[in-house]
Amino acid sequence: LVSRQHQSEDTVIRVKHAEIGGASHVTVAGPCSIESMEQLYTVAAAMKKAGVTILRGGAFKPRTSPYDFQGLGVDGLKIMKQAADEIGLVTISEVMSPEQIDIAAPYIDILQIGARNMQNFELLKAAGRSGKPVLLKRGLSATLEEFILAAEYIMYGGNDQVMLIERGIRTFEKWTRNTLDISAVPLLKQETHLPVLVDVSHSTGRKDILLSCAKAALAAGADGIMVEVHPNPEVALSDAKQQINIEEFNAFWKGLRDSGLYH
Ligand code: PEP
Ligand code: MN
């Protein structure tokens, strides 16, 4: 179902005023985690002002350590819905279980399935039944074939609103958090008809090469970019090292638009 042989024309996903996979690029920006009303409103307002259409923010967080901040759960989703409705943004947030899909569905526009759950097959099946657009992240060690087959699960479940996002894979390299597999972009575009995005924050894990990686992604044919933005990254409750502040985002955003690659 995901293959180009099955459908030759690109899938375009429309969610409120956002269009993913169409003629224009899309940017998904926002904090790693929703932390408070003030934090989310600050980012949401800045993203709206910049012209970003999709606000990200995690409420159910897949943390490596059980002692780390696990997210605000449904309270976080309520904050996100309130901010997004008031400010006028489309929202995306991660779900880690079928039950969380039911909990999150009333509050968010797009479900994110994270790298750690790319092969959580019951979650993929539930996402297939959800009727909600789904952003599927590539697993930390997933081959492109495994990634595509995970998307196939969602489509086979009856949901044709699926987007793929390359977020870096595990290699021996230590200078980046993960290795951004730029070849995934043209290969996924070639093999599937689904929108393909690139998460420059989780793939690199650092702030200084975000713009170069985003340009590379667009040059390779990506439909959009995801980037983590926090009003004060130093005190962020998750991914403090890689999140950029609003000023840094504005510089990144200007750099991307000035490159002529973003349209
Ligand atoms: C995220 O986007 O919040 C996240 C946890 O990313 P990933 O699943 O790619 O690690
Ligand atoms: Mn993060």
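In what kind of crossing does α8 pass α9?

Reply: The crossing of α8 past α9 is right-handed, a term that applies when the near helix is turned clockwise from the far one by less than a right angle, anticlockwise being left-handed. This is a predicted model, in which local features need pLDDT of at least 70 and side-chain atom pairs count only at pLDDT 80 or more, whereas totals for chains, interfaces and linings use all residues. Residues are numbered from 1 along each chain as its sequence is written, with chains lettered from A and ligands numbered from 1 in the order in which they are written.

Helix α8 covers residues 210-219 and helix α9 residues 246-258, and their axes come within 10 Å and cross at roughly 35°. Helices here are DSSP runs (H or I, at least four residues; strands are E, at least two) numbered from the N terminus, while axes are lines fitted to C-alpha atoms over the stretch in contact, with angles from 0 to 180 degrees between N-to-C directions. From α8, L210, L211, A214 and K215 meet F252, G255 and L256 of α9, contact meaning C-beta atoms, placed from the backbone, within 7 Å. These residues divide into 5 nonpolar, 1 polar and 1 charged; Ala, Val, Leu, Ile, Met, Phe, Trp, Tyr, Cys and Pro count as nonpolar, Asp, Glu, Lys and Arg as charged, and the others, Gly among them, as polar.

Between them, 9 residues of domain 1 contact 8 of domain 2; on the domain 1 side, β3 (26-30) and α1 (37-50) each supply at least two residues, and β3 gives the largest share, 3 residues. Ligand 1 lies between the two domains, because both give residues to the shell around it, and that shell divides into 3 nonpolar, 3 polar and 5 charged residues.

Definitions and conventions: Contact = placed C-beta atoms within 7 Å. Domains from an automatic or database assignment.
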